[in-house]
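Here is a short report on selected features of one protein model. Please keep the sequence and the 3D view at hand while reading.

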Amino acid sequence: MKNESFHLGICMAGAVSAGAYTAGVLDCLLEVLENWEQKRGQSGVPTHRVNISVVGGASAGGMTGLLAAAAIQQPAAKILYKSWVEMEADSMAPFLLDTADIATSQSLSSLLNGSFVERLSLRAIAAAANPHNVLPPYMDPAMKLFATMTNLAGYPFNISFQSDLQKSTHRMSVHHDFACFQLTGSQFTEPLQGKDYGELTDPGWIPLNLSKGINANLLQKAIMATGAFPLVLKPVLLKRPLKFIQENHWLNQQGILLDGSADHVSLQVDGGLMNNEPFEKVIELLQQKAGGSEFQGTDRDSFSSFTQTVLMIDPFPESTGFKDNESTAITGVAKQILFAMMHQMKAKPLPIADMMNKEKAGQFLISPVRYQGSLKERIEGEKAIASGSLQGFGGFLSKRFREHDYALGQYNCIRFLQNHFTIPLKDFHQHPLFSKGYAGIHLKSFLCDKEESVQIIPLFKFTKPEPQWPVTHADFIDELKPFIQKRSAAILSVISSHWFRKRLLQLSGHLFVNRYVANTLLRQMKTALKAHQLCQ
């Protein structure tokens with residue numbers, strides 16, 4: 001083969017606080033690859049390589065993917081764990097309900113205060129600033145990382161029509177956006193003398209080297225932007241060099257209308273609004289990366305010859321929400337319109353028949369699975385993770401919830417690598433990379449449980465324990481009442497500009513409005529946690 005490495009692209013879907021699960025999967029994958037690397041060269045150790053070449057995601061998945069740039073640079077700092085599990089406190093609810101953001105600006109930018117995201121991302125990037133660290137061999141030194149964003153102003157285009165009107169162009173705008181980075185210079189321990197780092201990246205991709213501080217600030221802003229949940233968290237002003245927009249074919253589709261200034265500033269919110277599972281973009285980049293392979297066309301989807309694949313991590317493998325018997329009342333129709341708009345925006349520009357192919361070697365999925373009780377009842381999806389409560393915000397309530405999901409991600413990753421991220425034996429002996437990598441090695445230790453396929457990434461009996469479901473008392477929710485009352489009072493005070501109505505709300509807030517809001521929210525939170533079997 002011209003290319004001796006198998007290219008792995010990782011796609012991470014939006015997940016809110018369930019990003020803890022995604023981070024657990026990614027952390028475990030990196031640990032397994034490192035374990036393999038430490039054994040390389042020993043007897044009985046497969047010799048082929050699996051390189052992570054592309055990392056992309058949306059919302060919490062995009063945040064995790066961009067944080068990976070710091071995590072791989074400084075593994076001892078445990079950046080993923082500290083960012084998604086430890087955070088800043090056991091419960092992050094008081095931080096989300098803090099009113100400092102409203103008091104400072106005297107305006108309302110979001111329903112909750114998400115300023116802790118900025119602090120966590122700054123801490124993570126600072127931890128990676130080590131000029132002596134180099135990338136491990138299983139990371140592509142020119143790896144591409146991206147996160148989806150939603151550009152509120154959009155990119156304007158002119159469409160030309162033949163018309164009797166004096167104005168022959170029609171203006172439109174597109175609002176999907178991407179923060180696109182490419183590692184550069186990370187394989188060198190010393191600065192590159194006389195080199196422009198931008199020259200080492202593909203057109204439209206922002207050079208990134210955290211050990212040398214290159215575009216670290218821009219990465220931190222992108223982490224905040226992709227996770228800025230609409231209306232709930234504050235939108236982010238993102239400032240980028242204009243050339244990285246003009247030269248990126250995902251953004252500039254021949255006709256973008258932007259001014260000629262050196263930098264472009266845009267207001268961004270959560271990338272999941274436009275594309276919550278951008279695996280089609282990961283596929284595109286992988287195909288470019290493996291372009292030097294001798295295998296072309298549909299061979300990439302054949303188990304006997306594929307040289308790259310996408311691994312998607314999705315804590316919420318969702319349904320469309322469509323129901324045949326949905327009410328035709330206006331509220332029911334409005335709900336379905338919202339579902340239709342959101343899912344149409346996320347629709348993939350790929351043939352559906354191609355995506356539905358069950359024999360496709362080019363795409364794999366890890367989602368939450370746990371087993372409960374003496375009968376080992378199988379529970380999947382959002383019910384399997386503690387952060388699945390409260391529409392994905394449940395993890396912010398307790399570190400115990402986040403710890404469980406992180407550990408479950410690790411546990412699921414091991415089982416996935418052992419039994420699902422495999423190549424069937426009937427194709428294994430034909431594959432030029434894997435058959436060569438396992439040449440002369442007894443396969444028994446590297447077979448899946450059913451012994452019908454071989455592990456692509458060898459585990460060497462590497463294990464992770466299954467976590468216990470975190471059940472707590474609902475009493476801790478009551479402690480949030482004063483924080484909710486204070487936040488609601490601040491919100492009501494800001495949105496009422498007339499002095500008489502403002503004064504009236506100030507007088508009545510704690511007596512009625514805030515009490516009603518707090519009691520209602522507390523009741524709903526307890527009901528949701530009990531329904532999720534997290535509270536007694």
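This is a predicted model: local features need pLDDT of at least 70, side-chain atom pairs count only at pLDDT 80 or more; totals for chains, interfaces and linings use all residues.

## Strand S8

Strand S8 spans residues 308-313, and six of its six residues are buried. The strand is therefore largely enclosed by the rest of the structure. Both faces are covered. Gln308, Val310 and Met312 are buried on one side. Thr309, Leu311 and Ile313 are buried on the other.

S8 pairs with strand S1 (residues 5-12) in the parallel sense, over six bridges. Leu8 has Thr309 of S8 as its bridge partner. S8 also runs parallel to S9, and four bridges join them. Here Met312 stands opposite Leu365 of S9.

## Ser367

Ser367 sits in the loop between strand S9 (363-366) and strand S10 (369-372). Its relative accessibility is 16%, so Ser367 counts as buried, the cut-off being under 20%.

A polar atom of the Ser367 side chain lies 2.6 Å from the backbone oxygen of Asp314. Leaving aside residues up to four places away in sequence, Ser367 touches Tyr21, Asp314, Pro317 and Asn412.

## Cavities

The model has three cavities of 30 Å³ or more. The largest cavity has a volume of about 260 Å³.

The lining of the largest cavity comprises 22 residues. Met63, Trp84, Phe116, Val117 and Phe396 lie nearest its centre. By type, the lining residues are 15 nonpolar, six polar and one charged. Helix H2 (59-71), helix H3 (79-86) and helix H6 (115-127) each supply at least two residues of this lining.

Terms used
Residues are numbered from 1 along each chain as its sequence is written. Side-chain values use heavy atoms; hydrogens and water are left out. Buried means under 20% relative accessible area, exposed over 50%, partly exposed in between (1.4 Å probe, protein chains only). A polar contact is a pair of N or O atoms within 3.5 Å; within protein, one must be able to donate a hydrogen and the other to accept it, and residues adjacent in sequence count only if both atoms are side-chain atoms. Contact means heavy atoms within 4.5 Å. On a 1 Å grid over the protein atoms alone, a cavity is a set of points where a 1.4 Å probe fits but cannot get out, and a pocket is an open set with protein on both sides within 12 Å along at least five of seven lines; lining residues have an atom within 4 Å of a point. Grid points are joined across faces, edges and corners, and a volume is the space filled by probe spheres set on the points. Ala, Val, Leu, Ile, Met, Phe, Trp, Tyr, Cys and Pro count as nonpolar, Asp, Glu, Lys and Arg as charged, and the others, Gly among them, as polar. Two strands pair if DSSP finds at least two bridges between them.
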